[in-house]
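Here are some notes from a pass through the side-chain contacts. Have the model open as you read, and check each pair as it comes up.

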Amino acid sequence: MELPVVVGVDGSEPSLRAAEWAADEAVLHGVQLRVVHASLWEKYEGAALAEELGRPSERVIAENIVGAAAELARQRNPEVKISTAVLPEDTVTALLRAGRNASVLVTGSRGRSGLAELLLGSVSLAVAAHADCPVIVLRGIHDPHSVHRRVVLGVGEPPRGTAAVRFALEEAEARGAELYAVRAWRRPAHETPNHPLMVGDPAHYHETRAAEILDEVLEEAEQDHPGVTLCRRTVEGTARRVLREASAMADLLVVGAQRHHGNFGLQLGRIAHSVLHHAACPVAVVPQRA
C-alpha cells in the first residue's frame, strides 16, 4: 500500500493553503491525503477544566481544525481520499512521527504563532531539518493555483544528491513538467592565474566541472524517467542566489539535505536553509543519509 501525503494544519491561513496544495499532491501520485493536527492542551489541563470554564474543549477545537482543512482540500480536489487525525503531542514531534509513514510531509511556512517578521516558522524549519521523508514547505507568497509546469532541482555534489534527483524526477513526471536541473559555480576568490588548473580561461575549469557534475548525477536516474523533459543549466553565482531566482518560475524547488546519525542539530545545510526562507515557490527538502 502506498504511503500517504501528510499535511500538518493548525487553522492558520498558511496551513489551509498547505492542505489545498497537499490535496493536489496526493491525487497526482494516487495516494491518500492524511490531515493531522497536534494538540497538548487537554493532556495538561484536561477536558473537565474546559467544561468548568464554559469553553469548548481543545479536542473539539482540534477536530474542527482538521475538519475544516479536510473540507477545503476536498473542495480543491474532489478526487482526493482523506483521513484526519488529532495527535496528542507537541507539533514538531507529532509531524516527525507522522512523517515516518508518509511519502511526503507538507507544511505551511508559518502557523498561528508565527510572527510577521519571521521568514519561516520554527515548526516548519525543525520538521524540514529532521524528518525521515521529503518535506515540502509552502512559501507564504505562493499561489497554489498557479502552474509553471517546471520543477527546479538544485544539484549538489555526487553521490550525496541522488535522493533529491530521484524525487525531483518523480515530481516532474507526475506533473507533466520540465525538470530544470541547475548547478551553480564560482571561481574561488583565493585562486590565482598560476594555479595549475587555471591555464587559459580561469573560469572554464569551474564551468566545465559543474557541467560534468550535472551529467554524473543525472545520467543514471534520468534513464528511469525517459518521458521527463530535462533541461541542464550551469549558472555562475552563489547557489542560494541562483536557486532563489530560478524559483520565481517554478512550481516546486527541490534540494537535498544530509542527515548524519547522532547529530541532533538542524541538518539542513546553508543552501537548503536559505531557500526555505527566500524561495518564491514551495520547497521540497529531501533527506539523504550520509
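1. A definition to begin with: a polar contact here is a pair of N or O atoms within 3.5 Å, where, within protein, one must be able to donate a hydrogen and the other to accept it. Keep in mind too that this is a predicted model.

2. With that in hand, look at Ser12, which sits in the loop between β1 (5–8) and α1. Its side chain makes a polar contact with the side chain of Asp10, at 2.6 Å. Is Ser12 buried or exposed? Ser12 counts as buried, because its relative accessibility is 7% and the cut-off for buried is under 20%.

3. On to the charged pairs. How many salt bridges does a search of the whole structure find? The answer is ten, and I'll go through some of them below.

4. Start with Arg17 and Glu13, which form a salt bridge whose closest N and O atoms are 3.0 Å apart. Both residues belong to helix α1 (residues 13–29), and they are four residues apart, about one turn of the helix.

5. Next, helix α4 (residues 58–76), which holds both Glu71 and Arg74. Their side chains meet in a salt bridge, 3.3 Å from N to O, and the spacing is three residues, again about one turn of the helix. Here Glu71 is partly exposed, with 36% relative accessibility, and Arg74 is partly exposed as well, at 37%.

6. Then there is Glu212 with Arg209, another salt bridge between side chains, at 3.5 Å from N to O. Why are these two about one helical turn from each other? Because they are three residues apart in helix α8 (residues 204–223). As for accessibility, Glu212 counts as partly exposed at 41%, and Arg209 is also partly exposed, with a relative accessible area of 30%.

7. Which residues do salt bridges with shared partners join together? They are Glu25, Glu171 and Arg175, linked into one network.

8. To recap the pairs for your own check: Arg17 with Glu13 at 3.0 Å, Glu71 with Arg74 at 3.3 Å, and Glu212 with Arg209 at 3.5 Å.

Methods. Residues numbered from 1 in each chain as written. Predicted model: local features only at pLDDT ≥ 70, side-chain atom pairs only at ≥ 80, totals over all residues. Heavy atoms only, no water. Salt bridge = Lys/Arg side-chain N within 4 Å of Asp/Glu carboxyl O. Buried < 20%, exposed > 50% of the residue type's maximum accessible area, 1.4 Å probe, protein only.
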